[in-house]
Amino acid sequence: MKLHATYAGNRVSNEELLKVKDLKVWFPIKSGVIQRTIGHVKAVDGVTFNVLKGETLGIVGESGSGKTTMGKSILRLVKPISGEIYFEGINIIKASRSEMKKVRRRVQMIFQDPYASLDPRQTVSSILYEAMKIHGVVKSKAEAMEKAVQLLETVGLSEEHLYRFPHEFSGGQRQRIGIARALAVNPTFLVLDEPTSFLDVSVQASVLNLLKDLQRQFGLTYLFITHNLAVVHHMSNRVAVMYLGKIVEIADKDDIYHDPKHPYTFQLMEAIPLPDPDVKKERVLLEGDVPSPINIPPGCRFHPRCKYATQKCRREEPQLMARNGCLVACHYEIDFSAGKIVGEAAA
Amino acid sequence: MSQQVKARKGEWEARLADIKYSLYLLRKNPLVIAGTVIAAFFIILALLANVIVDPKLAYPEGYPGGMYPFERKYVWNANHFLQWGPGVALYKGPEFFPLGTDSYGRDLLKMIILAIPVDLYFATIITITAAALGTFIGAVAGYAGGIVDEIVLRITDVFFAFPALVLALVFASILGRSLETLALAIVLVWWPPYTRLMRGQVLSEKEKPYVEALKALGASNLRILFRHIIPNAIFPILVQATMDFGGVILTFSALMFLGFSPSPAIPELGNLAADGYGHIFDAPWVILFPGLTMLIISLAFNLVGDGLRDVLDPRLRR
Amino acid sequence: MTKKQNKIQPILEIKNLKLNFHTYMGEVKALNGVDLKLYPEEVLAIVGESGCGKSVTALAITGLLPENAYIIEGEILFKGEDLLKKSKEEMRKFRMTECAIVFQDPATYLNPVLKMETQLKEVILLHKEALKKAVIAEEEGKRIGYEEFLAMKTIKDNQTKNYKVSRKKIDKMAEKLIIDILKLVKLPDPERILKSYPHELSGGMKQRAMIAMALARRPSMFLADEITTALDVTIQAQILYLLKELRKKIATSTLMITHDLSVAAEIADRIAIMYGGNVVEVASTRTIFREPLHPYTQLLLRAIPNILNPTERLESIPGTVPEMINPPPGCRFNPRCPFAMDVCVTKKPELKEVKKGHEVACHLCW
């Protein structure tokens with residue numbers, strides 16, 4: 001893997017911090033009086049990737065792709081049905097409660113909705129103090145308050161905000177409180193689930209800048225989940241594209257945008273509205289709707305909407321394989337500008 | 001928000017500001033003010049009742065002893081604005097009874113004043129106990145889910161199958177005839193609605209993002225339930241308890257009325273009303289005024305509860 | 001385009017609209033003198049962040065303001081008539097025939113217990129007269145599709161008043177037109193969609209159905225309030241493409257409200273930037289991106305992560321969106337403006353035309 005030391009502003013090492021192997025998270029669908037399981041929502045259906053220490057791995061996908069569920073399973077907020085997640089060598093899925101508590105100190109999550117992810121009846125000081133208390137980070141309340149003030153200043157708030165309730169803050173400020181809470185336990189790995197989707201553009205800019213600064217300052221590793229392709233390009237070193245519960249492509253962020261290998265990745269990039277009125281493309285749009293993870297098509301999941309689908313695509317599901325420094329799950333090599341298949345992927 | 005910065009010194013100051021805001025909202029609602037005033041009046045009356053009126057008046061000469069210590073003698077009202085039907089004999093004595101007397105010759109007004117603290121006291125105890133019990137069971141059931149939830153639901157279903165009063169009668173006849181056992185009977189009947197209410201609240205709070213965030217933080221289930229979910233879900237319970245206050249008084253009185261009172265001399269609104277049951281047409285005041293008092297107290301607390309509900313509705317607040 | 005604008009009258013003109021909301025905490029001065037012009041057959045995007053008043057403006061135009069809103073001064077002229085002076089009934093007619101609005105979350109605007117066909121037909125059946133004419137025309141042998149129905153709106157024809165048409169025929173005509181409209185918004189299998197309930201459709205389909213409901217009214221003005229915000233990126237691209245196509249077929253003037261400048265870049269002819277209850281800059285799309293004059297616009301453009309031109313840090317605007325109960329005096333952007341001068345605190349800048357077709361509200365630009 002290449003080292004992106006300066007462009008995104010962070011230093012990436014070669015050490016693996018998180019390793020996910022064939023993760024599957026299925027939710028049973030129950031029906032009938034006796035609640036029999038008649039099927040499953042296969043939210044995450046076999047995902048394998050790793051995250052290097054110090055990097056930001058972006059996960060993009062649309063609704064139904066499973067990216068949020070995958071993020072939650074790393075924090076063990078949902079129970080996977082199979083697969084392995086290794087964090088610093090510990091298998092999160094099989095860890096005991098006390099082991100998991102130790103893991104929780106190192107892995108934290110920033111949530112999507114700044115309005116709802118804080119207990120409306122807690123003041124900021126109480127929120128931060130509780131985080132520290134749960135993990136025994138401080139020995140006394142006085143120490144905790146000192147640390148709380150420091151945390152607030154780190155995220156761009158100040159001491160006077162300590163005794164206020166969440167509803168007295170703006171969206172961007174609440175998100176900063178959420179970040180402060182996550183940092184209160186001194187984590188090394190942050191899972192960020194759409195942290196700026198609910199924020200205005202200018203606020204988003206300052207929160208993203210903050211996240212980058214924090215990464216540099218504390219040597220954090222980020223798993224950045226979002227549907228906003230421009231944001232993920234700005235923040236990440238590598239990007240993984242998810243579709244219907246599987247990763248279809250992982251590559252360096254520039255490769256994803258300027259040289260996508262998977263047809264779905266290509267369509268995603270085509271669909272992004274660009275903040276430049278002169279760059280008018282003749283867009284080839286993706287037809288149809290984002291599918292539901294209840295009825296997954298056989299073979300390659302993308303084949304019903306793919307322009308290049310062949311018989312092989314309808315029968316065989318492609319695996320994630322290395323190609324030119326990226327990982328792609330597609331049977332063919334496709335030249336998108338010419339609009340045709342130019343080769344078969346090596347088995 | 002940043003333009004109104006006014007640093008707060010501590011946690012309590014923040015909470016106080018929150019309460020001040022609630023009171024501000026309450027002030028805006030005229031019904032709530034009316035209800036609060038009336039309720040406050042009754043509460044003060046209850047506290048001072050034993051001072052205003054000599055409690056021994058409830059038990060005229062000859063009492064401690066048997067169940068029916070004194071003769072019945074009907075004394076008509078000397079207030080000539082209230083003329084009742086044929087056969088009325090006016091009492092030609094020196095005293096003036098503003099509300100008339102009951103069948104034992106006691107001044108009805110004084111009896112009602114003595115009865116108010118009894119009713120309010122028991123209603124408070126019953127409401128708080130039932131609410132606390134129901135809330136606890138409901139919260140645990142809602143949060144735990146699964147089989148615990150199912151069992152609790154079925155138990156409450158059984159309770160709901162019976163009309164409250166009938167069930168209370170059954171419990172009362174099992175438990176015996178004292179004011180305390182009556183209160184217990186009512187508590188046993190009154191807790192299921194709170195359970196259902198709390199369970200529903202907990203079920204919806206459980207799904208909220210902040211609970212997930214707390215789990216991600218590593219908070220234990222106990223902490224999440226008692227320190228976070230219950231405080232957030234408690235408001236409908238408070239509203240319901242306030243509104244139920246009137247209903248509890250009525251139920252308690254009803255039980256006394258129906259014959260479960262340990263002694264007919266006890267000053268209690270239902271008890272007083274029971275006295276006049278047989279004489280609704282010739283001495284209607286005996287049943288009318290205690291009933292009216294119950295009505296007004298109920299209404300007052302109902303209004304307060306209603307206003308509280310409007311104020312505490314989270315959509316209007318935040 | 002700019003030459004024409006000098007001669008063509010705007011179809012909608014908002015003049016110095018000032019609006020407040022009564023709330024428990026005080027008066028929220030939501031709109032502080034909004035000036036806006038919408039020309040016929042153009043797409044004007046109103047771009048702004050939360051709290052800038054763009055949705056409130058849309059509600060004011062359509063007469064859907066909540067009870068606690070009151071207008072302090074200003075006019076909203078639609079084809080010369082002041083909408084603010086109209087009664088509720090007149091506004092209802094206005095919403096029925098002249099102006100259609102589509103909102104952000106289709107799930108909350110569709111009735112979950114009624115089938116789609118009931119809801120869509122309900123809209124088109126409001127135009128009983130026009131449907132009657134269509135049935136008569138069809139009986140005379142003309143082929144009536146949605147486009148013809150649209151053309152009929154402008155024909156005033158009193159001959160058909162005494163002619164009785166059965167309800168069944170009107171119903172059938174309505175159904176035919178609805179299917180035509182659904183095909184126009186590219187919904188596959190319209191017959192099946194009509195028989196479905198809203199929850200059986202996906203977000204993108206519901207939004208298309210909402211657009212269909214809007215078009216069924218044959219409006220002269222179409223308001224789209226953040227219609228793609230809740231949609232996935234590929235679906236958003238489809239809807240934007242659809243709107244562009246429909247523009248060619250159905251020449252309505254469109255007011256597109258969004259917080260996303262990139263979406264505005266895709267579809268709008270002109271862009272109006274709003275901040276703190278004012279329109280601060282209006283220009284053609286190209287001009288806004290290439291030569292923004294207002295400091296807020298400039299900062300906003302630099303705050304967007306741009307794939308084509310990536311930077312390490314994004315430029316954020318210091319401070320927060322003004323709180324509208326006690327907004328800053330003078331120009332509402334002055335606390336955050338890097339170029340704020342003394343006059344900015346005392347005097348509110350008027351929206352003036354600085355170059356042809358480019359209006360700015362800033363003391364710097366004069």
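This is a predicted model: local features need pLDDT of at least 70, side-chain atom pairs count only at pLDDT 80 or more; totals for chains, interfaces and linings use all residues.
Domain bounds come from an automatic or database domain assignment.

**Chain C: two domains**

Select residues 2-98, 222-323 and 333-365 of chain C and colour them as domain 1; then select 110-206 and colour this segment as domain 2. The centres of domain 1 of chain C and domain 2 of chain C, taken over C-alpha atoms, are separated by 33 Å. Where the two domains of chain C touch, nine residues of domain 1 are in contact with seven residues of domain 2.

Next, select helix H11 of chain C, residues 233-249. With five residues, this helix gives the most to the side of domain 1 of chain C that touches domain 2 of chain C. The residues on that side of domain 1 of chain C comprise seven nonpolar, one polar and one charged.

Most residues other than glycine have a negative phi.

Select A:Asp22, which lies in strand E1 (residues 16-31) of chain A. Its phi is near 50 degrees, a positive value in a residue other than glycine. A:Asp22 is exposed, because 12 other C-beta atoms lie within 10 Å, and a residue with 12 or fewer is classed as exposed.

Finally, move to the loop of chain A between helix H5 (171-183) and strand E7 (189-193), and select A:Asn186. The phi of A:Asn186 is near 60 degrees, again positive in a residue other than glycine. A:Asn186 has 14 other C-beta atoms within 10 Å and is therefore partly exposed.

Definitions and conventions:
Residues are numbered from 1 along each chain as its sequence is written. Chains are lettered from A and ligands numbered from 1 in the order in which they are written. Helices (H or I, at least four residues) and strands (E, at least two) are DSSP runs, numbered from the N terminus. A residue is buried if 20 or more other C-beta atoms lie within 10 Å of its own, exposed if 12 or fewer, and partly exposed in between; C-beta atoms are placed from the backbone. Ala, Val, Leu, Ile, Met, Phe, Trp, Tyr, Cys and Pro count as nonpolar, Asp, Glu, Lys and Arg as charged, and the others, Gly among them, as polar.
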